[in-house]
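Work through the exercises below with the sequence and the model at hand. Each task is followed by a stepwise solution.

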Amino acid sequence: MATMITGEPQEREPLSILYRDEHLVAMHKPSGMLVHPTKVDRHEQRIALPLLRDQIGQHLYPVHRLDKPTSGILVFALDPDTARELANAFQAHRVRKDYLAVVRGWPPLGGIIDQPLAPRDPDSRKRKRRKAPQSAMTLYHRLACTSIPISVDGRYTHTRYSLVRLRPVTGRRHQLRRHLKSRNHPLIGDVNYGKGIHNRFFREQYGLNRLMLCAVSLSFEHPVTGEPLQIQTTPDGDFTGVAEAVGLSLQAVTRTAAGIPG
């Protein structure tokens, strides 16, 4: 029987802790927060690792990461052995990850994006020799769709958007964002791979200043006990508010893994 932990932001704490035991701690990372310090964004002060370390008073060991603009579940180990085991699980694709996203258009009800992606250097200012593309696979399921009576790009009288659930099978850099762009359904708020005209519309109409992508579920075997563990969270208020403002209700989809089998 899998252990399921569902968390919501804890108002009394600076960071939202979703799960904690003697080996692991999971938090809800807000959009715009770095996981750890980086030279690329050396002036950013909102960094999950030192903030959570100071909050719980324990040393932390990173085992995976979320992009700065992505919100949702972020797990740290509390000892080196657990960190090594869980990092291996991530690298071996033994961790099931589910995300919610708002995208432009109406993608098919569900499917698989199986498209290799070339490695990307974290520092986009560096120009290096191109490397061969690596295999990359994403499962997706359209949960809801909407059509608003506004011509955002000037071509149609209405504009379509969808709420989708995404499950990356592989873990390539910016995989979800790049895969959705390749299908002409870019994520809203994506300044790197999205459509500027739609991003501006959401910013001006709804005050959106984030990427509409949230990691809502992680499932894996506990690296110490071996028991199945599922950690879930709900999207941030700014995500939910914008989604519902365009007619995409998150009710009944944020707390379940419905939509993608397995």
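**Exercise 1.** Is valine 246 buried or exposed?

Solution. The model is predicted, so local features need pLDDT of at least 70, side-chain atom pairs count only at pLDDT 80 or more, and totals for chains, interfaces and linings use all residues. Residues are numbered from 1 along each chain as its sequence is written, and side-chain values use heavy atoms, with hydrogens and water left out.

Step 1. Apply the cut-offs: buried means under 20% relative accessible area, exposed over 50%, and partly exposed in between (1.4 Å probe, protein chains only).
Step 2. Valine 246 has a relative accessible area of 4%, so valine 246 is buried.
Step 3. Locate the residue: valine 246 is in the segment that comes after helix H5 (237-245). Helices (H or I, at least four residues) and strands (E, at least two) are DSSP runs, numbered from the N terminus.
Step 4. List its partners, where contact means heavy atoms within 4.5 Å. With neighbours within four places in sequence left aside, valine 246 touches Thr146, Ile148, Phe202 and Tyr206.

**Exercise 2.** Which elements each supply at least two residues of the lining of the second largest pocket?

Solution. 
Step 1. On a 1 Å grid over the protein atoms alone, a pocket is an open set of points where a 1.4 Å probe fits, with protein on both sides within 12 Å along at least five of seven lines; lining residues have an atom within 4 Å of a point.
Step 2. The elements are helix H2 (80-91), strand E6 (96-104), helix H3 (175-182) and strand E10 (213-221). H3 gives the largest share, four residues.
Step 3. The lining has 31 residues, and Arg65, Lys97, Gly171, Arg172 and Arg173 lie nearest the centre of the pocket.

**Exercise 3.** What share of the protein counts as buried?

Solution. 
Step 1. The protein has 262 residues, and 48% of them count as buried.
Step 2. For context, the protein has five helices and eleven strands.
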